[in-house]
Amino acid sequence: MPALCRDCLTRFSGGPRCPACRSPRLVAHAELETLAIAHVDCDAFYASVEKRDNPALRDRPVIVGGGTRGVVSTCCYIARISGVRSAMPMFQALRLCPQAVVVKPRMSVYAEVSRQIRALMERLTPAIEPLSLDEAFLDLTGTERLHGAPPAVLLARLVRQMEEGLGITGSVGLSHNKFLAKIASDLDKPRGFSVIGRGDTAEFLRPKPVRIIWGVGEAGQAALAAAGIRTIADLLRWDRRDLQARFGSMGDRLFHLARGEDTRPVKRDERMKSISAETTFDEDTSDPGVLDGHLWRLAERVSDRAKAKDLAGRTITLKLKRADFRIVTRRHSLPDPTHTADRLYREARALHDAARDPGPFRLIGVGLSDLTAAGDADRMSDLLDPQAATRRAAERATDAIRARFGKDAIIKGRALKE
């Protein structure tokens with residue numbers, strides 16, 4: 001059976017250890033050298049970046065998030081042992097893991113690391129479909145002739161470069177379609193490399209719970225359970241027309257995925273639909289100064305992510321969640337796209353003022369949508385605001401200083417309002 005050493009990249013046939021370096025970190029599969037669709041997922045990405053940048057955190061449980069009433073953005077594997085999970089309320093996470101170190105997200109730093117990882121991927125194939133800052137599909141069909149090695153070797157080399165060059169570990173799923181590649185990347189985290197071939201697809205899927213299907217959440221599981229469907233094997237017993245009649249278009253999707261069939265291509269030009277950031281307050285607030293400070297910080301975070309992706313957007317969204325949990329949303333469409341923190345803040349601030357809602361609020365958020373390439377960003381704003389060009393030049397200078405000396409090298413006064 002074809003095998004690959006993930007440490008020295010030696011290819012050989014079987015055996016418990018690499019014949020060249022004696023490493024036990026191997027991946028072996030009958031179809032190892034013929035599969036070409038991969039899903040690469042960084043391991044606890046935000047937390048890994050924080051541990052890389054602060055070695056004192058290396059052996060500590062780390063939670064990336066904010067405030068006792070916020071949620072967990074991500075956490076390291078040490079924290080996960082205590083039961084902490086992404087999207088968990090912060091108070092619950094700290095109850096499970098009281099010794100955890102809580103770190104506020106640094107989105108601009110994560111975006112820069114993501115950009116570096118993407119550059120490594122681009123060396124292998126142009127067919128890359130990012131799903132977020134820390135994961136992407138890759139189609140390596142035909143790359144063996146170019147690089148002189150099958151996709152499995154290229155992928156093992158990629159994650160080794162990520163770890164050695166950037167200090168970030170990743171897990172790889174390799175299969176014959178996107179659905180199975182994404183499942184495979186979760187099978188052996190962290191630092192995993194799992195393969196699902198055509199020959200073992202049916203046997204692999206049959207006993208799995210339906211929640212393994214991407215997009216089947218708690219509500220979907222409940223609807224399927226009401227029909228007596230809890231596993232892939234249960235799905236296989238249903239006729240396609242009956243699934244369509246019961247679950248509509250989702251039924252047809254379930255029919256095919258239960259058989260491991262997924263014809264979606266890896267789409268290089270798949271664009272993000274929106275970029276947003278939000279903050280949940282430790283205590284409900286209606287303080288104008290506090291809200292203004294958070295609006296600026298949120299505008300900066302959205303701006304950093306947009307710039308990292310070379311994107312701009314025409315629609316600004318303000319989100320407010322009142323103390324009674326009622327959500328207030330306001331939007332404004334611009335004549336030209338933007339990605340500057342200055343303009344995002346000014347537009348979000350205008351939306352907040354126009355809402356005339358005194359609060360108090362438990363959450364505030366800023367979003368950017370109707371995304372496009374950043375080439376024509378903020379051109380018309382110069383005609384409407386004579387000082388816009390000056391502020392934009394100052395922001396570019398600020399970005400350059402922060403890129404060189406760190407995020408906190410320059411902090412605006414309004415950002416200090418808590």
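User: Where is the place of Leu235?
Analyst: Leu235 sits in helix H10 (residues 232–236). Helices (H or I, at least four residues) and strands (E, at least two) are DSSP runs, numbered from the N terminus. This is a predicted model, where local features need pLDDT of at least 70, side-chain atom pairs count only at pLDDT 80 or more, and totals for chains, interfaces and linings use all residues. Residues are numbered from 1 along each chain as its sequence is written, and side-chain values use heavy atoms, with hydrogens and water left out.

User: Is Leu235 buried or exposed?
Analyst: Leu235 is buried, at 0% relative accessibility. Buried means under 20% relative accessible area, exposed over 50%, and partly exposed in between (1.4 Å probe, protein chains only).

User: What does Leu235 touch?
Analyst: Val210, Ile213, Ile229, Leu243, Leu254 and Ala258, not counting residues up to four places away in sequence. Contact means heavy atoms within 4.5 Å. The C-alpha atoms of Leu235 and Arg259 are separated by 9.3 Å. Those two residues are 24 apart along the chain.

User: New topic, strands. How many residues of strand S15 are buried?
Analyst: Ten of the 13 residues of S15 (residues 361–373) are buried, so this strand is largely enclosed by the rest of the structure.

User: Which way do S12 and S15 run?
Analyst: Strand S12 (residues 274–285) runs antiparallel to S15, and eight bridges join them. Two strands pair if DSSP finds at least two bridges between them.

User: And how many bridges for S13 and S15?
Analyst: Eleven, with S13 (residues 311–322) also paired to S15 in the antiparallel sense. Lys321 stands opposite Leu363 of S15.

User: What is the bridge partner of Ala277 in S15?
Analyst: Val366. Ala277 belongs to strand S12 and is buried at 8% relative accessibility. Beyond residues up to four places away in sequence, Ala277 touches Leu298, Arg301, Val302, Ile364, Gly365 and Val366.

User: Is Thr317 buried or exposed?
Analyst: Thr317 is buried, with a relative accessible area of 13%. Its place is in strand S13. Leaving aside neighbours within four places in sequence, its contacts include Thr329, Leu351, Gly365 and Val366.

User: On to helices. At what angle do H4 and H6 pack?
Analyst: About 145°, with the axes of H4 (residues 107–122) and H6 (residues 151–166) 10 Å apart. Axes are lines fitted to C-alpha atoms, for helices over the stretch in contact, and angles run from 0 to 180 degrees between N-to-C directions.

User: Which residues make the contact?
Analyst: H4 gives Gln116, Ile117, Leu120 and Met121, while H6 gives Leu158, Gln161, Met162 and Leu166.

User: How many aromatic pairs does the structure hold?
Analyst: Six. Rings of Phe, Tyr and Trp (its six-membered ring) pair if their centres lie within 6.5 Å; planes under 30 degrees apart count as stacked, over 60 as edge-to-face and the rest as tilted. Tyr46 and Tyr110 are a stacked pair, 4.2 Å centre to centre with 10° between the planes.

User: Which helices do Tyr46 and Tyr110 lie in?
Analyst: Tyr46 lies in H1 (residues 45–53) and Tyr110 in H4, so the pair ties together parts 64 residues apart in sequence. Both are buried. With Phe45, they form one aromatic cluster.

User: What about the rings of Trp238 and Phe247?
Analyst: Their centres are 6.4 Å apart and their planes at 45°, so that pair is tilted. Trp238 is partly exposed, at 23% relative accessibility.
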